[in-house]
There are 2 protein chains.
Amino acid sequence: MKTNNPRKIAILGGTGKEGKGLAFRWALAGHTIIIGSRSPEKAAIAADEIIKLTGEEISISGTDNISAAKDADVIVLTVPFSFHKEMLESIKNYVQGKVFIDVTVPIVPPKVTRVQMPPEGSAAQQALSILGENVKIAAAFQNISYENLLSGNNVDCDVLVTGTDKETRTEVIRLVKDTGLFGLDAGPIENSVCIEGMTSILIGINKQFNVQASGIRITGIPRE
Amino acid sequence: MKTNNPRKIAILGGTGKEGKGLAFRWALAGHTIIIGSRSPEKAAIAADEIIKLTGEEISISGTDNISAAKDADVIVLTVPFSFHKEMLESIKNYVQGKVFIDVTVPIVPPKVTRVQMPPEGSAAQQALSILGENVKIAAAFQNISYENLLSGNNVDCDVLVTGTDKETRTEVIRLVKDTGLFGLDAGPIENSVCIEGMTSILIGINKQFNVQASGIRITGIPRE
């Protein structure tokens, strides 16, 4: 279903499978997507891949991370945790007043099934401490299997959205809906620790059950 | 279904709805239950209530918390967070070498929908720091709606079990099964923060959807 509120969304680190999965879904929903990468060439290649995958007329392009952040009104960060801090510092000046969605999970090898948070409490709180109070920060999509997102398959996983304020969470929940997933308001940004950490728990469950894409679903609520 | 490995289970703070729900289910499964309370009289009354509720011959009694802990080989703690530390210190000497299951969630009023953890990282890690390395500590059942547990209704919520070692988690997953619920190994005790905190998120979701018992379910795995 096409959005009636098209946004210009930058996906930084968008050449990875997480970023491409989100780009694919949002582009199909009618948003304008700017893939950001350290390498503008790789970003352009990823954009072309997604155009081919959709087989529809979509609005997507690729450039460097800074240019992508400058040009967009929603900025989504999908980089490995080891690049998280550095990326936040480099884009800080270009996201002020905008919506910023952090998809980062602090997975710290080799113990990837152990919850290990940065000193700020979580990746999202680290983003808040670096970007400051004037950015509308949300954290979302941490538990999703991106292969399924990109393939267009059904993704049996809810998206728990935390954020600095209710308005931002509501806006991000709408963007979640545009990906075909079900988003819920999981409260203030401090709650992100539970959702980021759940990814480590799900990686452990994947190993135990020898599956690729365990997820979580909220039970006991009415659904549309 | 009756257990083929009956245990003597003390439920401390067991006169609350959480404790009574677990006592009800485990007693029906054939375990011997000792309800512990500050007031041995209240513990005995709770035990009688459960006998009436089950309508079966079950093994259950009530006494003070210390006597319950001394007498049992599995100790379950279901007290409000404000009593957590004090209770742990008072039972420390009587749980050494035994299985200890912490059900505590650090809900800190008035912001009950905000994840707020103790300095140790979580209630379970606080238990570990007080009880020490010789106790087989697990954390479980934090996200369950206890009204449904006590009524015998279906509880649509998985139980994520963290613990100090794999053997303890496996034993507790068997005890989860005896309550009629589905338990999963959620990894080391450090991961408990996510599951304890999920309770605050679910309280928020209950409010938003005006429901009593939202829960979580792990998706994408085979089930028996």
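This is a predicted model: local features need pLDDT of at least 70, side-chain atom pairs count only at pLDDT 80 or more; totals for chains, interfaces and linings use all residues.
User: How many residues of chain B are in contact with chain A?
Analyst: Contact here needs heavy atoms within 4.5 Å. By that rule, 33 residues of chain B touch 33 residues of chain A. Together the chains bury about 2,800 Å², 67% of it on carbon and sulfur atoms. In chain B, the most area is lost by Cys194(B), Phe209(B) and Thr219(B), together 20% of what that side buries.

User: Why do the copies meet through the same surface?
Analyst: Compare the two residue lists. 100% of the interface residues of chain B are also interface residues in chain A, so the surface is the same.

User: How many salt bridges and polar contacts cross the interface?
Analyst: The rule finds 2 salt bridges between chain B and chain A. One of them joins Arg114(B) to Glu190(A), with the closest N and O atoms 2.7 Å apart. Polar contacts link 13 residue pairs.

User: Which elements of chain B give two or more residues to this side?
Analyst: They are strand E8 (183-188), helix H8 (192-209) and strand E9 (215-219). H8(B) gives the most, with 10 residues. By class, the side of chain B that touches chain A has 20 nonpolar, 8 polar and 5 charged residues.

Technical notes. Residues are numbered from 1 along each chain as its sequence is written. Chains are lettered from A and ligands numbered from 1 in the order in which they are written. Side-chain values use heavy atoms; hydrogens and water are left out. Buried area is the accessible area (1.4 Å probe) that two parts lose on being put together, summed over both. A salt bridge is a side-chain nitrogen of Lys or Arg within 4 Å of a carboxyl oxygen of Asp or Glu. A polar contact is a pair of N or O atoms within 3.5 Å; within protein, one must be able to donate a hydrogen and the other to accept it, and residues adjacent in sequence count only if both atoms are side-chain atoms. Helices (H or I, at least four residues) and strands (E, at least two) are DSSP runs, numbered from the N terminus. Ala, Val, Leu, Ile, Met, Phe, Trp, Tyr, Cys and Pro count as nonpolar, Asp, Glu, Lys and Arg as charged, and the others, Gly among them, as polar.
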